[in-house]
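The following paragraphs lead the reader through a structure, beginning with a single residue and widening to the whole chain. Please keep the sequence and the model in view while reading.

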Amino acid sequence: MPPLPKRRRSRARQNKRMAHTARTPAFMSQCPTCGNARMAHRACPSCGTYNGRQVIAPRRAAE
């Protein structure tokens, strides 16, 4: 038989353990071409540029 815990882990102890697992929001940088927010090291979804070059087709504005 596998070993089992003798006592239930309290909520306070559980929350202390889980306190370090919170997710942080993704870092957003500003696109130098159009000025919109984009994720770092990725092509801008609105204008399609990366590192000063056009790499993907720009997304159309919502019509």
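His41 is found in the loop between β2 and β3; strands here are DSSP runs of E with at least two residues, helices are runs of H or I with at least four residues, and both are numbered from the N terminus. The model is a predicted one, in which local features need pLDDT of at least 70, side-chain atom pairs count only at pLDDT 80 or more, and totals for chains, interfaces and linings use all residues. Residues are numbered from 1 along each chain as its sequence is written, and side-chain values use heavy atoms, with hydrogens and water left out.

At 68% relative accessibility, His41 counts as exposed; the term exposed applies over 50% relative accessible area, buried applies under 20%, and partly exposed lies in between, with a 1.4 Å probe and protein chains only. Although His41 is not a glycine, its phi is positive, at about 60°. A positive phi, of about 55°, also belongs to Asn51, again not a glycine. Asn51 lies in the loop between β3 and β4 and, with a relative accessibility of 66%, counts as exposed. Ten residues separate Asn51 from His41 in sequence, and their C-alpha atoms are 8.8 Å apart in space.

Not counting residues up to four places away in sequence, Ser29 touches Asn36, Ala37, Arg38, Met39 and Ala40, where contact means heavy atoms within 4.5 Å.

Is Arg38 buried or exposed? Its relative accessibility is 14%, so Arg38 counts as buried. The side chain of Arg38 reaches the backbone oxygen of Arg42 at 3.0 Å. Beyond its neighbours within four places in sequence, Arg38 is in contact with a list of residues including Phe27, Ser29, Cys31, Cys44 and Pro45.

Strand β3 (residues 49-50) contains Thr49. With a relative accessible area of 11%, Thr49 is buried. Its side chain is joined to that of Thr33 by a polar contact of 3.3 Å; such a contact is a pair of N or O atoms within 3.5 Å, where within protein one must be able to donate a hydrogen and the other to accept it, and residues adjacent in sequence count only if both atoms are side-chain atoms. Apart from neighbours within four places in sequence, Thr49 is in contact with Cys31, Thr33, Ala43, Cys44, Gln54 and Val55.

The view now widens to the chain. The chain has one helix and four strands, and from the N terminus on its elements run α-β-β-β-β. Its radius of gyration is 23 Å, well over the 11 Å that the globule rule gives for 63 residues, so the chain is more spread out than a compact globule. This radius is taken over C-alpha atoms, and the rule is 2.2 Å times the number of residues to the power 0.38. Along the principal axes, the C-alpha atoms fill a box of roughly 60 × 30 × 25 Å. Buried residues make up 10% of the 63 residues.

Finally, confidence may be considered. The chain averages a pLDDT of 89, and 95% of the residues score at least 70; pLDDT is the predictor's confidence in each residue, from 0 to 100.
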